[in-house]
Amino acid sequence: MELLEIKDLCKTYGKGENEVKALDKVSFSVPKGQMTAVIGPSGSGKSTLLHILGGVDRPTAGKVFLDGQDVYAQNDHHLAIFRRRQVGLIYQFYNLIPVLDAEENMTLPLIMDGRKPDPKRVAEMLALMGLTDRRHHLPSQLSGGQQQRVSIGRALFTSPGVILADEPTGNLDSKNSAEIIALLRKSNRELEQTMLIITHDENIALQCDRILTLADGHIVNDVLTGQGR
Amino acid sequence: MFEGLLAWRYIRTQKRHSALTIGSIAAALAMMAFLFTVFSTTAGCLRSLALLNGNYHYCLTGLAKEDAAAIAAENKDYASCLITEQEEAYRIELFYDQYMGDIYDDLDAYISGLAAQYTGDPMAYDCNTMLVDLDGITLQARANAAEIFSLFYILVIFLAVSLRLIIDTAFEVSSKERERQFGMLRSIGATPRQTAGILTAEGLFLSLLGVPLGTGAGIGLAYLAFRSVKGLPLTETYLIPKSIVEQLHFSVSPLFIGISMVTGLVWVLLSAYGTGMRAIRRSPMQALTARSDTVKKVRKAYLYGKLFGWKGSLASLNNHRQPKRYVVTILALTISMTLLAVFPGTMRALQSQTQKELSGYWDAADPEHTPDLEIQLQYREDTPGVTVPRAVCFAEPLHDLENSGYFTDIDFTVGNRGRIEASDPEQYVIINYLTEYAYDQLCEGEPPVPYQELAESGEFVVMTDQDDLVSDGACRLEITRKHDLTEAGYNALSPEEQAACDVMSWYGETLYQTEEVHTEGFTIAGRIQKEGVVMDHLVILYGTIDTYLQTAEALYGDTAVHCYASCKLKDLSQYWEVRDYLDNGRKHMISYTDLISLQKIIEGIFMVLRVGIQFLTGMLALIAAVNMINIISTGILDRKRELAALQSIGMTKRQLCGMTVLECLQYCLTSGVAALFLSEAILAGTEIFLYNVMEMPEVTGYISYTQPVVCIGLVMTAAFFVAAAASFLPLWQMRKEPLAEQLRAVD
């Protein structure tokens, strides 16, 4: 069953002579529970694709369906609620809220939704992320790896349909990178999370079920790695 | 000079920051230039007024021509001297152009000595005190001037500190945003001095525009204020003589403006250099890895969170990111709100009390019925030996006042004390005689007997809370009759009789009076019913002025009782005409107390005080507003990426706006609540002080505890709208940029 469906996606920046096609009629679909890596050189449109999939940036043309729902048929308000409930975003630079501690950052999407976090689930998620003893630390008091784990926890906390990660290990050392990927893989397997990971690291890509290669706004290669169950 | 190049590039590319910094410098300079110009204009006006008294510091009078020449030749310390002829004598006017304290220990004593030497009268000289003080000619003058200017100096110091705060804040914001750039510059070889030099150069460049701009604005503002004051009907409404109004000139002191500009420039450079020095305290590595949104410590926002939920909690945490700036802004807002709330009531109380203290006539509770003039009437009979005003002869001056057509509400009330015959010694009677106006006022338009009827019959109406004390119809009173004696008549009395006499001074003459108690019959024609007005055991009888004039000598003797007429002017614009009328040739009026002019002077003084305090309040409010706008708008722009991240994880635009509104609300609420507590405490303290220490219980009625609530509420609302505008503008700008772009934004 296809959870994510992308049809003829285009994104153009600038006008006239300055026009740049970041994405040019990109189409693909992702089944539920698949962990997909998107690779490609700088400027190939990877981050643009991720932002469009995550409801952060509107496409110039084309459609994105998540669980059969046309994502961009929604207005800005509903798009925000869509991001909150159905997408989990993980960034290279974490994008944590500096005034909130680890636990508060992690539960923020749920709180924004007007729901109260279940203390048991909070404890479980903190344990899963290895942050139990860091739950009341501010981002500035955490290492890069720990901050990224908070960011992953935040993305997973509402159990969204899809997790989108933009170079989640790009800012981390190899040890932390390995831990983060292992954590994502574990979440993918245990929680059946659909994941799309943008990376430059071939080793990480090879740990995914599928690798999409982007170049100049087109998908130039789409292979299964054999990591799937 | 790569510092200058980088500073210039930064100014040109970061237009918003540059505009903000120039605006802050200009606002600071404008306030300083405004204050200095107001001061120099005031000093200039005062000097013009002093010169109205005479173009001299000292003037010796009543001199012989050769003596005047001898004084002029005696020493040449003066800058100029003028010898003129006056009433068959000569006068010499001395003008000094420098401080004379080094030459004469006491210039005043020296001039007095000259007067004594040449005229025999040590007082035969005039000192133009105001000019001596303003020009600082003597040591005493300098001390007086220092006393007067000390308030101004305090204001200047206060202002200078406040301005430094505004400029500092602007540079702090600018440098905070470039921490990483400074780190990068240092990593490629810039020395700490060069790095600090970039900000200093930037301060210098921005000053080149901000300082003249602010100075010009301040002078312009002062000129506008001067024109508005001069445009007021000063002569007609504030009764300031035309000759004084003509001397009011706008003046700009190059010295003061120079001081203001140099102070501003030094402040800017110090702020820029100080900010630069703070920026280089961090190592290049620390600066390179730092992010402008790094928070090391944060205070939990329990209360705000409880009140407004997670958005409130987040808003409060955001506000506390820069605790120093937050506290300074809250403090400035709180103080300006408190001043605004406390000031009107306290000023009203002080003004009314001052008026009462000074005049003794004002009724603070009923200013409408305050007379404009208290005119002392007299009638000098041609009786040998009797030169004092006679109680029985006031008809003529009273009619004179009535016929002048200038006055309304002429109130001539005379009275005496008596006692109901053979009654309780505690009981006593006051007998008053009223004009028709005063009678109507007393009866509030419902007289028990018409005034004319009362005048024709010579009867009285009574007012008492105890009706059994006196019944309608005939009654007999014991009253005191006074008789004036000549000095010879007094000397002829025996020592016992002299001891029983009243001896008093009356305008330089000595009065000798004897007293005798006698019983007279009065007829009560009606009653004035006013409960709670008259004390127990007191009866007041009211008759007409005509009755008084016909019977006064028989009843009270041949001396003065009361001889003042209180009047209100029909038309305030006739004030100067009335002054001429009273000053020139009114033989029945020996003096008058110009209450209205006194009141206008007090109003003027309080107006100046009010304007001064309003200026201070305005300045504080401006500092608070600039800081608040600065902190809120830059706070949002600094958090561009963070706010985008919040939206990317599901925060709606409405929630974002809600959070920023709550951030603004926290500034206003916190300062409002603090100001309310502070205001009420100050008012309570003032009331206790006035009641217990100053013993002015009636003044405390002017203190309103509800006024601060309304006032602070209004200011809070205004501040909230300013803050909301400061936050919505950058948010609105950010909305134009796609969320993905905002997420890519670097610090």
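Predicted model: local features only at pLDDT ≥ 70, side-chain atom pairs only at ≥ 80, totals over all residues.
**Ground rules.** I number residues from 1 along each chain as its sequence is written, with chains lettered from A and ligands numbered from 1 in the order in which they are written.

**Entry 1: Asp57(A).** I looked up Asp57(A) and found it in the loop between helix H1 (46–53) and strand E4 (61–66) of chain A; helices (H or I, at least four residues) and strands (E, at least two) are DSSP runs, numbered from the N terminus. Is Asp57(A) buried or exposed? Asp57(A) counts as buried because its relative accessibility is 3%, where buried means under 20% relative accessible area, exposed over 50% and partly exposed in between (1.4 Å probe, protein chains only). Leaving out residues up to four places away in sequence, I noted that Asp57(A) touches residues including Lys11(A), Tyr72(A), Pro738(B) and Ala740(B), a contact being heavy atoms within 4.5 Å.

**Entry 2: helix H1(A).** I then checked H1(A), where 7 of the 8 residues are buried, so the helix is largely enclosed by the rest of the structure. Among the buried residues I listed Lys46(A), His51(A) and Leu53(A), and just after H1(A) I saw that Gly55(A) takes a positive phi of about 75 degrees.

**Entry 3: strand E3(B).** Which residues cover the two faces of E3(B)? I found Ala89(B), Arg91(B), Glu93(B) and Phe95(B) buried on one side, and Tyr90(B), Ile92(B) and Leu94(B) buried on the other. Strand E2 (residues 80–86) of chain B pairs with E3(B) in the antiparallel sense over 7 bridges, and two strands pair if DSSP finds at least two bridges between them. Ser80(B) stands opposite Phe95(B), and in the hairpin of E2(B) and E3(B), which has 2 residues between the strands, Glu87(B) takes a positive phi near 45 degrees. On strand E1 (residues 58–63) of chain B, which runs antiparallel to E3(B) and is joined to it by 4 bridges, I noted that Cys59(B) has Glu93(B) as its bridge partner.

Technical notes:
Heavy atoms only, no water.
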